[in-house]
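Please look through the sequence and the model shown here before reading on.

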Amino acid sequence: MLLKRTVKEDVIKFFFFMLAAVSIFIVFFVIYFLFSESLPAFQEYGFSIFESEWSVPREVYKIGAALFGTAIVTIGAMIIAIPLGLLVGIFLSEIAPFHIRTILKPVIELLAGIPSIVYGFLGATLLVQYLQPSFDLLKGISLFAGSLVLGIMALPIIISISDDALKAVPRDLKEASLALGATKWETIKKITFPSAISGVSAAIIMGMGRAVGETMAVSLVVGNIMQIPVPPFDIFESGSTLTSIIALEMGEATGIQTYSLFACGVILFIIVGTMSVTSNLLKERVEKKYKGG
Amino acid sequence: MSKKTSLEMEVKDLDLWYDTKQALKKVNMPVYKNKITAIIGPSGCGKSTLLRCMNRMNDIIDKCRIEGEILFDDKNVYRKNYDVVELRKRVGMVFQKPNPFPKSIYENIAYAPRIHGIKKKKSLDGIVQQCLKDAFIWEEVHDRMESSAMGLSGGQQQRLCIARALSIEPDIILMDEPCSALDPIATAKIEDLMRVLVKDYTVVIVTHNMQQAARVSDYTAYMYLGELIEFGETEQIFENPQEELTEKYITGRFG
């Protein structure tokens with residue numbers, strides 16, 4: 001009887017080990033494939049791959065413009081989403097009365113779940129139309145429109161996760177601060193928010209991750225032209241991002257163009273990977289600081 | 001207990017409801033200056049609730065309704081436009097579970113003075129040192145002021161919290177079962193500390209430990225089901241209770 005049970009235990013153990021091994025293998029396979037497929041592009045161009053020249057007729061595929069576009073659009077999105085998202089997160093967790101919170105929180109979580117194409121569609125039809133006359137532009141499609149759409153898309157993520165992080169701060173701490181005669185705002189500023197900083201950073205990084213990795217919404221509004229605007233900070237110009245260029249050109253790409261698109265994928269992978277490692281390190285550092293000697 | 005007693009705070013006809021449940025019923029109780037008043041009673045009798053009315057900590061609880069008065073300096077702290085921040089500056093609180101801020105030992109004490117406008121490093125240093133000394137924890141922490149308060153033992157953390165409560169120079173210190181999470185040695189230290197503190201402060205302590213009430217307090221209030229059953233000098237309450245309910249409780253027949 002006992003033997004049978006330990007055998008069963010071993011079988012189950014092996015089964016789970018295999019499942020884990022398979023999923024890890026798949027991840028490594030994807031990474032390997034990504035890097036090996038992009039290698040020819042890096043070999044061809046070296047560091048000059050970060051220059052801005054993408055031309056089908058001349059068969060030059062350097063990804064600088066896409067990288068620039070991703071950076072600009074992400075920065076723009078974060079300028080919109082971080083302050084707004086954190087303030088709403090603070091409002092939700094610390095200030096909103098109970099009945100407002102019970103309505104608002106699910107609504108915001110619903111917003112995070114809306115498929116990205118819907119945001120892109122709204123951006124391409126409504127937003128772009130308003131931008132053009134409002135800023136007196138030739139066309140509303142631009143890096144700025146991309147920033148706005150991505151900012152709006154990142155908002156619910158930042159709000160929801162920062163709200164969770166702030167809510168997780170023990171009530172003890174808030175009460176201790178209030179009992180010392182601190183006002184509600186002083187308590188939020190000096191106790192609640194700093195205590196939640198690891199979670200809040202995670203919220204920001206996840207919002208950023210969504211902005212960097214987002215494809216459909218952004219490809220509908222940025223114009224998809226592989227160029228760095230002149231001057232570069234002219235965000236009302238069209239541009240392209242690492243994701244949108246892959247989505248648009250992978251279908252009919254051949255040869256070096258394919259490799260360059262994979263290079264875009266590698267760069268994306270590195271950016272997003274760095275973000276998640278950073279958020280983990282940040283979290284560890286904060287935890288170390290607060291817990292134990 | 002022969003010293004002249006004067007009134008520091010007075011609870012008058014206090015009713016409190018959490019939503020529809022009445023947690024305090026017409027409570028009347030004096031708090032005497034430079035004395036330790038213990039509030040005892042079985043779990044759920046409203047003793048912590050009553051304590052938290054004294055610095056209006058119940059304000060932050062949704063659906064909490066209060067009627068009646070608490071007089072402090074002849075003013076009802078529950079009247080309209082009463083400055084709650086000012087009240088909490090004068091009525092400090094120590095909680096059941098030690099709750100130091102996840103900051104350095106120094107910052108834990110300097111937090112409140114800084115909020116209340118003391119900016120100079122030298123003044124802050126002085127306050128921090130004095131409070132830690134007053135709470136008998138200076139010797140244990142003076143060489144590691146910059147390390148996290150979370151690294152201290154439970155008993156040390158609680159004394160740090162008492163030091164933190166002293167940093168606002170309150171008139172009254174409220175203690176909500178301050179020893180319930182501590183071992184007997186740490187408990188003894190805090191009880192000794194209370195006896196010292198009461199020379200300069202008024203102390204109100206909630207405890208479910210009757211021996212503790214008997215050991216440290218000057219006055220004892222016994223509460224049951226939201227009502228204040230009996231209030232008197234501690235000796236009288238424990239040796240000659242007037243109410244049957246009190247007697248039953250202190251002789252351990254229920255609770």
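Helix axes are lines fitted to C-alpha atoms, for helices over the stretch in contact, and the angles between them run from 0 to 180 degrees between N-to-C directions. Helices (H or I, at least four residues) and strands (E, at least two) are DSSP runs, numbered from the N terminus. This is a predicted model, in which local features need pLDDT of at least 70 and side-chain atom pairs count only at pLDDT 80 or more, while totals for chains, interfaces and linings use all residues. Residues are numbered from 1 along each chain as its sequence is written, chains are lettered from A in the order in which they are written, and side-chain values use heavy atoms, with hydrogens and water left out.

Chain A has eleven helices and two strands, and its elements run α-β-β-α-α-α-α-α-α-α-α-α-α from the N terminus on. The C-alpha trace of chain A spans about 70 × 70 × 35 Å along its principal axes. Within chain A, helix H2 (residues 64-95) packs against helix H8 (residues 197-213) at an angle of about 145°, with the axes 9 Å apart. Residues of H2(A), including A:Thr70, A:Met78 and A:Leu86, meet residues of H8(A), among them A:Val200, A:Gly207 and A:Val212, where contact means heavy atoms within 4.5 Å.

The contact between the two chains takes 30 residues from chain B and 23 residues from chain A. Together the chains bury about 2,100 Å², 63% of it on carbon and sulfur atoms; buried area is the accessible area (1.4 Å probe) that two parts lose on being put together, summed over both. Of the area that chain B buries against chain A, B:Pro102, B:Tyr111 and B:Ile115 supply 26%, more than any other three residues. The rule finds two salt bridges across this interface, a salt bridge being a side-chain nitrogen of Lys or Arg within 4 Å of a carboxyl oxygen of Asp or Glu. B:Arg52 forms a salt bridge with A:Glu175, the closest N and O atoms being 2.6 Å apart.

| Residue | Value | Place |

Most residues other than glycine have a negative phi, and most peptide bonds are trans.
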